[in-house]
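Biologist: I would like to learn how to read a model like this one. Please take me through it step by step.

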Amino acid sequence: MVLYLARRLSASALILVGVTIVTFCLTFLIPADPVAMIAGRNSTPEMREQIRIQLGLDKPLVEQYVSYAQRLARGDFGTSYARKSEVGPLIASRLPATLLLMLGAIIAELLIGIPAGLYAASRRGETGDKVAMTLSFLTVSTPQFVLGLSLLYFFAYLLGWFPLSGYGSLSHLILPAVTLGLAGGGWYSRMMRSSMIEILRQDYIRTARAKGMSERRVMLVHALRNAILPVVAMIGLDVGIFMSGVVVVENVFGWPGIGQLMWQAIQSLDIPVIMGVTTVAALFIVAGNLLADLVAPLIDPRIRLR
Amino acid sequence: MRAFLISTAAAFALLAAAPHVLAQSPKQGGAAVVTFNNDLTTLDPQVGYDWQNWSVIKSIFDGLMDYKPGTTELEPDLAESYTVSDDGLTYTFKLRDGIKFHNGRAMTPADVKYSVERAVNPATQSPGGGYFSAIEGYDALAGGKANELSGIRIIDDKTISFTLTRPDATFLHLMAINFAYVVPKEEVEKAGADWGKKPVGTGGFKFVEWVPGQRIVLERHKDYYRSGVPYLDKLTFEFGQDPTVAILRLKNGEIDIVGDGIPPAQFTEIMADPANKDLIAEGDQLHTGYVTMNVTMPPFDNLKIRQAVNMAINKERITRLINNRGVPANQPLPPAMPGYNTDNKGYPYDPDGARKLLAEAGQPEITTELYAMNVDPNPRIAQAIQQDLAAVGIKAEIRSLAQAEVIAAGGAGKAPMIWSGGMAWIADFPDPANFYYGILGCAGAVEGGWNWAKYCNKELDARAENADAMVKADQSEKRIGEWKSVFDEVTKDAPWAPVFNEKRFTYHSARLGGDPSLFTDPIHIPVNYDYIFAKDAQ
């Protein structure tokens, strides 16, 4: 187990280094010049050259990456081109909002997916099952900005149940969390359904029924406990899916997290911010995957960590 | 007796004017909320250079000069008065008494000097430093060989002078742009990298807080030197507000101004609603949308082909495409700009004439590329241009890219045609010179420059410089006349096809009052926050 953990941690570190290298190279492949964006439309070639030297962008790519990586290792994310302030504190100030949103989305997808899956499994082949599965298909395939704007229009503007975007209270969290988590809820309902159906075929369920146990008790106590585990084990992987979703959802709902920061940084070609957010997001994705793998054997003893 | 008559007449005139004056000076108080989709990047006046932070900075800081609210007319601001030497090379400003920074310290000429030098100092990475290149000592400071501008002299505790290396008729405008706004050195140094997040100025609004990604709060500066303004006690900017959502919030009475403007998709519906009649202010902007044609590469090195493009584009149709949020353009300068020539009708829409010109040029079939920024409505406009060009035999492939990529392609001279929408050009100050050097002059026609047509006409450059050497007040008319003729020549040479001049429409709540020109201020884009007022405070 310790050996496994050590191996996984070092692999994770390698992945992170790989992510920074790829992102770093990609920002150079964009056919655009950050110096032109900083220097503005009245600049002379001399001024642009000066800024290029100040930022170290005149050096070879490898040298630039090495000095970036060295600073990063010390926890220094560099200075934003557009804001002229440090990127580390900038991300730190935005991260709690994103984590809160992701937590809300995880709760939302579980609250949606598990009951829906249970319901569909218990009505297998009936109309209820078909409706539930069609809905889950719809939620998985609806673009998040469409979903988000529609929820805002109906529940916040027409019905007035929730605030029209913003941040600060539970009522602000609900719509963006549902928007981010609904697709996951759809997936979970399908996983839950097939997992339940498989378990309901097992001998011990037949025994329980034969003992005269109520169908309700069979479903909620005996079957659910086993069927829910593979679903829960997936939560760690959601972190990665959510990290890409927050860019859209945070922009629709005015949620002040790193997704919003990323979107604005891309628009202004603020490379240090783009790099910083990507690195931090990768860190969370890697951690989420690791967590999912570590949790798996606790849930299913047949899985061994090697 | 005569004197008596005159004074009586004056008294009557005053009486007659009095109700008007009263109606024009609202009570102070109340608050307003403005929404933006994107958080501001910075409130550092020497660095901030986008349309969002531009007017917020204007409310927090002041310069030696400013403009009358809602107009493009220069007037002294932190300066009480100024004189210009006979050779036009020295400007001497006398500062007003009793100007205080928000931290309570009195402003001095040393602050003015520090601030302009800060804009030029390469360490600041100011996008506006180049504007001050006429000040003596610029090259040394900009080149990192000096720590100050030798041309700026503090004469006494109320007087400061600027010596220039060449006469520059735009100099007073330059003292009114954000990059020359006065900042207190001690606060800049204390805040370090965070200075752009905790600004301290002399302006009508004082900075209170900035919650990243959420809001910026300003409150009225009690020691502001202009008594009676700003009218609002508190001004809040909320971020992360998609304009579609912001409009719903405005209808709910939660916010007062949609800072990003009305989204194209909702424009017709909102304008058609009679409830909005008094809530939408309409005004001119110092903006021209144009297609650049790279004159250094075929086929656009041929004048006839450039003229043909000008005649092929149906500007009326494109203006309708943007819901008539503009007027068709006929010359590079927008109508609200001094130097706009009402006699210059530009090129008529004449596809047959265009085909004839192409035939005369010996190239009835042309294949080329049209670059455009990939944000609505620009791809749609590019498509309309593409159709118009196809109708006369010019096949233009659209290259729809991110803003930074179009700018890079334009600067590198790789783009045969660029539709300027979303990138250029709104004037930084209301003078024709601001529409020439960077985008039509030789100075901008270099690698990385903004003259995407790469049009460099040395003779016109010389005439432009000659015009800007006319600095005397009584030469101003002659100077504007000279600029007119420069732009007439540009129109004939056709490095651009001007398409439309955008108008600004600002949607605001019923509880806000103020002249519509304040909500579409040509200088304080989008809104002059200092002079709008809250009706519920009256």
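Biologist: What percentage of the 306 residues in chain A do the buried residues make up?

Modeller: A residue is called buried if 20 or more other C-beta atoms lie within 10 Å of its own, exposed if 12 or fewer, and partly exposed in between, with C-beta atoms placed from the backbone. Buried residues make up 41% of chain A. Keep in mind that this is a predicted model, in which local features need pLDDT of at least 70 and side-chain atom pairs count only at pLDDT 80 or more, while totals for chains, interfaces and linings use all residues. Residues are numbered from 1 along each chain as its sequence is written, and chains are lettered from A and ligands numbered from 1 in the order in which they are written.

Biologist: How many helices and strands does chain A have?

Modeller: Helices (H or I, at least four residues) and strands (E, at least two) are DSSP runs, numbered from the N terminus. Chain A has 13 helices and 0 strands. The C-alpha trace of chain A spans about 85 × 55 × 30 Å along its principal axes.

Biologist: Which domains does the assignment give for chain A?

Modeller: Domain bounds come from an automatic or database domain assignment. For chain A they are domain 1 (2-87) and domain 2 (94-299). The centres of these two domains, taken over C-alpha atoms, are separated by 33 Å.

Biologist: How many residues of each domain are in contact with the other?

Modeller: Two residues are in contact if their C-beta atoms, placed from the backbone, lie within 7 Å. In chain A, 19 residues of domain 1 are in contact with 16 residues of domain 2. On the domain 1 side, α1(A) has the largest share, 9 residues. That side divides into 11 nonpolar, 7 polar and 1 charged. Here Ala, Val, Leu, Ile, Met, Phe, Trp, Tyr, Cys and Pro count as nonpolar, Asp, Glu, Lys and Arg as charged, and the others, Gly among them, as polar.

Biologist: How many residues does the contact take from chain A and from chain B?

Modeller: The size of an interface is often given as the accessible area lost when the parts come together. Here we count residues: 42 from chain A and 42 from chain B. α3(A) gives the most to the side of chain A that touches chain B, with 5 residues. By class, this side of chain A has 21 nonpolar, 14 polar and 7 charged residues.

Biologist: Is α12(A) mostly covered or mostly uncovered, and what covers its buried residues?

Modeller: α12(A) is mostly covered, with 7 of its 10 residues buried. Among them are Ile258(A), Leu261(A) and Met262(A). What covers the buried residues includes α5, α11 and α13 (271-299) of chain A. Just after α12(A), Leu269(A) takes a positive phi of about 55°.

Biologist: What is the order of the strands in the open sheet of chain B?

Modeller: Strands of a sheet pair through backbone hydrogen bonds, either parallel or antiparallel. In the counting used here, two strands pair if DSSP finds at least two bridges between them. The open sheet of chain B has 4 strands in the order β4-β5-β7-β6, with antiparallel pairing.

Biologist: Why is one side of β4 and of β6 of chain B left without a neighbour in the sheet?

Modeller: β4 (79-84) and β6 (152-156) of chain B stand at the edges, each with a single partner strand, so one side of each has no neighbour in the sheet. Between β5 (residues 90-95) and β7 (residues 159-163) of chain B there are 5 bridges. Phe93(B) stands opposite Ile160(B) in β7(B).
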